[in-house]
Amino acid sequence: VCVCELDLSCCNALIDNGTTFSEMKNLRSLKLDHLLIEDYNMEVLLSSTKRLLHLSVHGCSKLEVSVLTKAKAINSHLELLDLDVRDAFMDVPLSSIRDAFPTLLKLNNRCTAMGTSRIKQHQQNYQWRVGAKDRNSTGSNKRKRGESLNARESRVVGSASMSLNCCSLQLTGFSKADCTAQEMFGCKTCHIEFDRFVCMTCSKVCHTALGHKVFSIGYGPGYCDCCILSKCMC
């Protein structure tokens with residue numbers, strides 16, 4: 001089984017029984033909040049994973065934060081977008097973490113300079129595509145009964161000559177704040193539905209282009225789940 005999203009918060013019994021972190025190479029999102037995790041386990045995990053984007057070790061008081069910066073020096077593939085080290089053992093300053101992970105959009109639940117810039121870009125792109133007036137009107141942009149996906153996209157984008165060329169996760173990070181509002185699509189082929197969605201770009205590149213059964217959900221805040229629940233190619 002390929003595990004891409006895992007929440008082990010407060011599950012210290014699993015750590016005591018020898019959870020094998022070396023087998024979690026495909027993780028995209030990992031929460032280890034309030035675990036008594038040791039530096040060695042974290043070193044094994046971060047040295048092997050090449051896809052991790054979201055890591056939370058909030059409240060891991062036994063974990064030295066310097067382990068994270070050392071792991072980045074060893075594993076150049078580690079490109080975190082969201083990191084939470086609050087209440088971990090801070091043996092290095094936050095500036096060292098920012099230097100080690102320049103891709104961070106959020107650190108300790110606060111936007112970095114890049115994160116602020118990216119979310120503004122996301123909002124501008126989104127409002128440009130759908131139009132501020134349409135965005136604020138109630139239900140005016142929801143797909144009409146019987147309307148095809150292509151017809152709905154053409155109506156939403158209109159005469160726009162610019163659209164996102166990457167997964168919106170690269171702009172919003174793992175935030176669900178109102179500022180992350182965007183077009184939302186589901187994929188029956190990948191079973192992405194029920195409070196999950198993919199962004200407009202992924203719906204085209206990663207799903208529709210492969211013949212998947214894609215459908216429009218509407219608009220709303222959140223982050224694209226394509227890289228977690230599917231094979232994102234954006």
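Trainee: Which residues are buried in α2?
Mentor: Asp-39, Asn-41, Met-42, Val-44, Leu-45, Leu-46 and Ser-48 are the buried ones in α2. Buried means under 20% relative accessible area, exposed means over 50%, and partly exposed is in between, with a 1.4 Å probe and protein chains only. Bear in mind that this is a predicted model, where local features need pLDDT of at least 70 and side-chain atom pairs count only at pLDDT 80 or more, while totals for chains, interfaces and linings use all residues. Residues are numbered from 1 along each chain as its sequence is written, and side-chain values use heavy atoms, with hydrogens and water left out.

Trainee: And why is helix α2 called largely enclosed?
Mentor: Helix α2 covers residues 39–48, and seven of its 10 residues are buried, so the rest of the structure largely encloses it. Helices here are DSSP runs of H or I with at least four residues, strands are runs of E with at least two, and both are numbered from the N terminus.

Trainee: How many helices and strands are in the protein chain?
Mentor: The protein chain has 10 helices and eight strands. Of its 234 residues, 48% are buried.

Trainee: How much accessible surface does the chain have?
Mentor: About 12000 Å², and 50% of that belongs to carbon and sulfur atoms. The areas come from Shrake-Rupley with a 1.4 Å probe, and for residues only the protein chains shown count as cover.

Trainee: Okay, new topic: α3. Which residues of α3 are buried?
Mentor: Ser-66, Val-67, Leu-68, Thr-69, Ala-71 and Lys-72. Their cover includes α2, β3 (54–56), β4 (82–84) and α4 (94–100).

Trainee: What does the side chain of Ser-66 make a polar contact with?
Mentor: With the side chain of Asp-91, at 2.5 Å. A polar contact is a pair of N or O atoms within 3.5 Å; within protein, one must be able to donate a hydrogen and the other to accept it, and residues adjacent in sequence count only if both atoms are side-chain atoms. Ser-66 sits in helix α3, residues 66–74, and has 6% relative accessibility.

Trainee: Which residues does Ser-66 touch, skipping those up to four places away in sequence?
Mentor: Asp-91 and Val-92, where contact means heavy atoms within 4.5 Å.

Trainee: What about Asp-84, buried or exposed?
Mentor: Buried, at 7% relative accessibility. Asp-84 is in strand β4, and beyond its neighbours within four places in sequence it contacts Leu-55, Ser-56, Val-57, His-58 and Asn-108.

Trainee: How many aromatic pairs does a search of the whole structure find?
Mentor: Two. One of them is Tyr-126 with Tyr-219, edge-to-face at 5.9 Å centre to centre and 65° between the planes. Rings of Phe, Tyr and Trp (its six-membered ring) pair if their centres lie within 6.5 Å; planes under 30 degrees apart are stacked, over 60 edge-to-face, and the rest tilted.

Trainee: Which parts does that pair tie together?
Mentor: Tyr-126 is in helix α5 (residues 113–130) and Tyr-219 in strand β8 (residues 214–220), so the pair links parts 93 residues apart in sequence. Tyr-126 is buried at 4% relative accessible area, while Tyr-219 is partly exposed at 25%.
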